[in-house]
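Take a look at the model below.

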There are 2 protein chains.
Amino acid sequence: MSSPVAVPKEALLNPEPLPEIAGDAESLDVWGFRDSGFTINENGHVVMRGHRYELSGVELPRLLPWIRETLGIELDPKDVNPGSYPTYIGPPLENAEFQNELKTFLKNNQITSEGPIRLRHGHGQTQEEMFAIKYGTLPRIPDLVIFPESDEQVAQLISTAKRHRVSLIPFGGGTNVTDALRCDANEKRLIVSVDMHRMNRILWIDKANQMACIEAGAVGRNIMTQLQAYGFTMGHEPDSVEFSSLGGWIATNASGMKKNKYGNIEDLVLDITVATAAGKLERTTCVPRESTGSDLRRLLFGSEGNLGIITSAVVKIFPLPEVQAYGSVLFPNLTEGFGFMRELGRETYPPSSVRLVDNLQFHFGLALKPASTGLGVLKSRAEKFVVTKLKGFDLNQVVVHGMKAGSENGRRGYQLTYSIAYIRDFLMKYYIIAESFETSAAWSDVLPLIENVKKRLEAEYRARKLPAKPFVTARVTQVYQTGAAIYFYLGFYFKGVPNPSQVYCELENIARGEILRSRGSLSHHHGVGKIRQAFLPSIMSPAALEWKRELKKSVDPDNIFGAGNQ
Amino acid sequence: MSSPVAVPKEALLNPEPLPEIAGDAESLDVWGFRDSGFTINENGHVVMRGHRYELSGVELPRLLPWIRETLGIELDPKDVNPGSYPTYIGPPLENAEFQNELKTFLKNNQITSEGPIRLRHGHGQTQEEMFAIKYGTLPRIPDLVIFPESDEQVAQLISTAKRHRVSLIPFGGGTNVTDALRCDANEKRLIVSVDMHRMNRILWIDKANQMACIEAGAVGRNIMTQLQAYGFTMGHEPDSVEFSSLGGWIATNASGMKKNKYGNIEDLVLDITVATAAGKLERTTCVPRESTGSDLRRLLFGSEGNLGIITSAVVKIFPLPEVQAYGSVLFPNLTEGFGFMRELGRETYPPSSVRLVDNLQFHFGLALKPASTGLGVLKSRAEKFVVTKLKGFDLNQVVVHGMKAGSENGRRGYQLTYSIAYIRDFLMKYYIIAESFETSAAWSDVLPLIENVKKRLEAEYRARKLPAKPFVTARVTQVYQTGAAIYFYLGFYFKGVPNPSQVYCELENIARGEILRSRGSLSHHHGVGKIRQAFLPSIMSPAALEWKRELKKSVDPDNIFGAGNQ
């Protein structure tokens, strides 16, 4: 396996390959590892299966009561919505000449048309998709899934696809929440999902210059483990870091929870090698910064599979931190907490990760506590403010109106992120749809935006006479000098509601309209994909849209990369 | 004048217009303000005219002796190379229909075909160009110079140019050092230089969110002065900051001396509005960070006039620093100093600006001291290391093998930058060509690269039997986590050398080849323009070059923006 960028003189070549981790199988029908997930036990309490997380194996007696109270419903553990995964898997299209030619450069185990594998490659992790595979259908999925193992195979695949008029859709972790992998129902060509998981090696580590060249299919948990063995971290930790891949992070323009210290993905990536319909885009050397004309690599950030297949990237790596410290602060209300976040955004050196949650989310956090924990002061009706990965930052100096709530609550808040991702699919079984969406805005727009979106959703919910009460909550998850990122959750009980998944989509679109009117962005880090593409004309000028179309046409005139995002 | 991006709620609209600063006229034939520049006085000593700089009016008795010694020449103050600026200004092409149409939307004082003005708009600040206007010729210059005053006029100009097949070249500060403004000698169309100086207003300042929307023609010194009045700075200080413009910074992908604190231009710009052949690229809101697909605005960084005319940008602004402190450190040799720089690059919070000079440049700095200064310890054969804008950084902890050399030397080194820019044109009159070029490289490549380039240039100089000794020196001017930027000076005495400017170009190209072989970048912050375009195929793959061509074709099919860079 050759490294695309010239290998630095002092680099360690091909560190040992990734260990095969037994039991790391991922679920096909729900989020996450197969061995983990929430369930209701014989005591009628929620418990998380498996052993991976802090929450694993712990009874959570407060969760169901809290859900019942918050949504104003009677949730019956025995009343399960009977899903029928996989609902339907249509026969794959065939293209005999193409498929025969594949066999000349791929092994048999690199090609599959197995139904459940094809299905899994036809969607990401939106509620809409995860609902559809159990309670609806996906009208079109890839016809073939291919697992390339080298840059050369990717290049051959592209040129073969070109000759036989086949559409290629790159697949990383499959964790996108933008319908980016959803296939066009009208696509008449063979659709090939190009699964990058086998291109997962760290090609070199250059300790002296703190860089590593990593294949794009490597997923976050393995990048972390492997770099750790060399005393380094990449520092990129999106909520999906266990499953999402380096290539996916770039194609999504991802943001990591510790971006204050390490930067977002665009700050971490020094170079990208990408296979396109016109050939391989690559560079000879990798320098810290340069001015050599319009940098095409920048177009790959947020490209969502439209322009080519990212095969590897050179990224910054950082010595593991000497200390990881956590903290949390309670504020009497959201406005006080917000003021604190705003100050933090202007600090030259804010904590690595910081988030501010509203009262409802604070209580959600409490509902996820095991029975044995005394809630004490935390149960007051204050706001919870979590400062994680505290370093070089004197809390006492900054917090004027807040009350310190301990490092344990801070640590717990950070770790909970990974478990919470499993809750959506658990709730879906009990007739609750819940999902997140996010935005970013200038500081002075943040609070009005949160207020506007909540009000609008609640009003719309009432107007549609939907059951009981919706769950609408917001948190501020990233701070910048000029503004912040905002994360919303929307959830509701849907028993008796026709097309609940569609209703959710309509509500989210209404919320998005309100976000744009409130001067928020179309997305801070999730991306556009297909779920938000209808909004593009409201954020950019016709000429900008025209440039985008022209760009795509000029570099991929046959639309080989037919994901159709944006 | 309308702001392209929706104006933030709390923004101050149209701060008062820029004061007209009398006497700020710029020279046409040499760098800088007309009232400033080096000359030799009646005592035979170099002195800087004017009152703008610390060096102004100060006799520098050491400079000529130092130059004589360093280059091994007899420099006679009376032996001046008789330049004949302007050597030649050809008659402008005419396009009567186009020129008549211009008058329908432009005032008379917005259009000129005056010879010296046209000439000035046909070049930047490379030695080659500055030599040519006095001792050679520029074969082709713009036929017309136009001074638009609004986005609307720029748009009309472009659509008029399109209809009449006219080529447009945007002009900012005219300070580029890449031949970016040089006109194609074979261009048969009318060439219009679009001088952006009159679009120089700050459209709004949003103190609450620390952003400002500034027209692209505003030059650095005026941006600084105006923001300062509101208690802010943009923090972008390239060496050319007095004259270069916001639009030029973006189009060049510029780097500022204080980038450690404020970032390079790509970190400082939040949004760009640009007029293109397809219309206006603009966005509705300006958020701190977003993921909304491939971001076309990123293509403008380093676009060098090829894609359109940048008309305004939203930039971050920062409260003025409470303290500005300077420092300097002497090291026994370059390697020790380099080790220190490398440590600094990995500091989370390095000083705002920092540079390491080699022994020759250290002595150059001493030669620029006035007679009265005792040199004392500085005159030892140590290296000089300048830490400027020190803040939040404990020098004592880091400097192990260096010796602190005082804040005055640090401050002086920083300020000297602006004066030194005048020296090149002063020396040219005395048969000395001297110019800078720069690169960036990974840390472990920096010292070998400097060594290789120096050796190669010295060997080539000897092989060509050029006069006496060349002046070849390097400094490390920017630090990053993974590497650094390196600045070279090359100078030599050319009396009796045929085509000296051409010889310089050949030597610089040889140096550039050596830089690329030593794993350096084609440019850290100067750009490509025409001076380095021949090297593009050695740094990127054919597919990448093809993408660049396709991109240009797709967004500007008629090549209206005919600067022809890259």
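What follows describes a predicted model.

## Extent of the interface

Chain B puts 87 residues in contact with 87 residues of chain A. About 7000 Å² is buried between chain B and chain A. Carbon and sulfur atoms give 55% of that area.

On the side of chain B, three residues lose the most area to chain A: B:R289, B:R519 and B:W547. Together they make up 14% of what that side buries.

## Polar and charged pairs

Between chain B and chain A the count is 2 salt bridges. A:E266 forms a salt bridge with B:R289. Their closest N and O atoms are 2.7 Å apart. B:R289 is also among the chain B residues that lose the most area to chain A. Polar contacts across the interface come to 50 residue pairs.

Helix α19 of chain B, residues 542-555, supplies the largest share of the side that touches chain A, with 8 residues. By class, that side of chain B has 35 nonpolar, 33 polar and 19 charged residues.

## Cysteines

How many disulfides does the structure hold over all chains? The count is 0. A:C213 is in no disulfide, and the nearest cysteine sulfur, that of A:C286, is 8.4 Å away. The cut-off for a disulfide is 2.5 Å between the sulfur atoms. A:C213 is buried, with a relative accessible area of 0%.

In chain B, B:C213 is in no disulfide; the nearest cysteine sulfur belongs to B:C286, 8.4 Å away. B:C213 is buried, at 0% relative accessible area.

How values were computed: Residues numbered from 1 in each chain as written. Chains lettered and ligands numbered in written order. Predicted model: local features only at pLDDT ≥ 70, side-chain atom pairs only at ≥ 80, totals over all residues. Heavy atoms only, no water. Buried < 20%, exposed > 50% of the residue type's maximum accessible area, 1.4 Å probe, protein only. Contact = heavy atoms within 4.5 Å. Buried area = accessible area lost by both parts, 1.4 Å probe. Salt bridge = Lys/Arg side-chain N within 4 Å of Asp/Glu carboxyl O. Polar contact = N/O pair within 3.5 Å; in protein donor to acceptor, adjacent residues only side chain to side chain. Helix = DSSP H or I, 4+ residues; strand = E, 2+ residues; numbered from the N terminus. Nonpolar A, V, L, I, M, F, W, Y, C, P; charged D, E, K, R; others polar.
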